[in-house]
Amino acid sequence: MDQMVEINAGAVVPGEVARAQELRVAIQAEMEREGLSVRDAAPQMEMGYSTLSAYLADKYQGSLANLNEKAAKWLDARRRGRNLRTRRRAPDYLETPTSLAFEDVFAHAKGTPDVGMVTGGAGVGKTLAATEYRRRSNNVWIMTADTSMRSPTAILRKLSKIVESTERRGLLVLDSIVERVEGTAGLIIIDEAQNLATESIDLLRTIHDRAEIGIVFMGNEPLRDRIEGMGRQASHAQIFSRIGMRRKRDKPQVKDVMMILDGWGISGKPLRDLCRYIAMQPGGLRGMNKTLTYAHTLAAANDRDAVTADDVNRAWRDLTTGVLPTFEAE
């Protein structure tokens, strides 16, 4: 005898055949809502195209139990994903005092052209500001350095791809990059520049000199220490002397935090003080936004739109295993 299953309406119907009928209706509704074809949906359900086609047409001759399980998991994942998309997210880019200070460096380096430097702790908004500046400006390229790009050769290969120069390997890569960016009045932003070797920094200085293009080195405290230390070394003084405008932000400014909390719709002094405390911890604004995103997920699970201090405390505890202080209303 077929097993009995319960459908959404609460009625009881026999087995996998009835379950397949219900799932087919739900699948077709989901595909229509999201504009998905059978060919789009099949791999997402871990099915072949012909298998899903037969299943939806009620012509599948094999066992339905396995396909029903795959279909149910897919529908559940789609539902969960849709719920997450409708929950509160961090506000879009805001022109905070810190982001405007970073943009001043980008604009000065691009327009002069000059070499600039932006340094600060994690989560103060350096990368977000650079990404937004690129979105609103012509001929701005961002290259993120990492420890695999220690050599000048690795830097050239990466940069040639980003600026879409004609040469990607060999002795002509540098010339090709210079030819590509020369005359563009553009800007190359090197994010996580603390990962660069001194030789690579000097190479980028060479590109600035030859192409007359703006360069901004962007990274954390060790980057500033290295660049400023070059001014005391005769062999690298020419690198240090190229640095024009520079901005340093070790932690988010209070005005930055308040503007972002306004964007989140966070009100009430104790809750805002709690969020401000999080923003001043390692991870900065990024950590605060992640905590608030998860806190809203917790609130939504309890059918609430607004987060509470308890939601924020639990989110912080789950994400960091830490404990937050208590802030009282005045």
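**Close-up views of a predicted model**

**View 1. E95, in the loop between α4 (64-86) and α5.** E95 is found in the loop between helix α4 (residues 64-86) and helix α5. The model is predicted: local features need pLDDT of at least 70, side-chain atom pairs count only at pLDDT 80 or more, and totals for chains, interfaces and linings use all residues. Residues are numbered from 1 along each chain as its sequence is written, and side-chain values use heavy atoms, with hydrogens and water left out. Helices (H or I, at least four residues) and strands (E, at least two) are DSSP runs, numbered from the N terminus. E95 has a relative accessible area of 46%, so it is partly exposed. The cut-offs are under 20% for buried and over 50% for exposed, with partly exposed in between (1.4 Å probe, protein chains only). Along the chain, E95 and A129 are 34 residues apart; their C-alpha atoms are separated by 8.7 Å.

**View 2. The largest pocket.** Its volume is about 500 Å³. Of its 29 lining residues, G123, V124, G125, K126 and L128 are the closest to the centre. Elements giving two or more residues to the lining are α5 (97-111), α6 (126-136), α12 (254-264) and α14 (284-301). The largest share, 4 residues, comes from α6. By type, the lining has 11 nonpolar, 12 polar and 6 charged residues. Here Ala, Val, Leu, Ile, Met, Phe, Trp, Tyr, Cys and Pro count as nonpolar, Asp, Glu, Lys and Arg as charged, and the others, Gly among them, as polar. A pocket is an open set of points on a 1 Å grid over the protein atoms alone, where a 1.4 Å probe fits, with protein on both sides within 12 Å along at least five of seven lines; lining residues have an atom within 4 Å of a point. Grid points are joined across faces, edges and corners, and the volume is the space filled by probe spheres set on the points.

**View 3. Packing of α12 and α14.** These helices pack at an angle of about 20°, with their axes 12 Å apart. α12 is therefore roughly parallel to α14. Their crossing is right-handed. Axes are lines fitted to C-alpha atoms, for helices over the stretch in contact, and angles run from 0 to 180 degrees between N-to-C directions. Angles under 35 degrees count as roughly parallel, over 145 as roughly antiparallel, 65 to 115 as roughly perpendicular and the rest as oblique. A crossing is right-handed if the near helix is turned clockwise from the far one by less than a right angle, and left-handed if anticlockwise.

View 4. Helix α7 (residues 152-163) and helix α8 (residues 173-181) have axes 10 Å apart, at an angle of about 30°. That makes α7 roughly parallel to α8. The crossing of α7 and α8 is left-handed. E164 is found in the loop between α7 and α8. Its phi is near 60°, a positive value in a residue other than glycine. E164 is exposed, at 59% relative accessible area.

View 5. Most residues other than glycine have a negative phi, and most peptide bonds are trans. The T112 to P113 peptide bond is cis, with omega near -15°. P113 is found in the loop between α5 and β3 (115-120). E212 lies in the loop between α9 (198-211) and β6 (214-219). Phi of E212 is near 50°, a positive value. E212 counts as exposed, at 60% relative accessibility.
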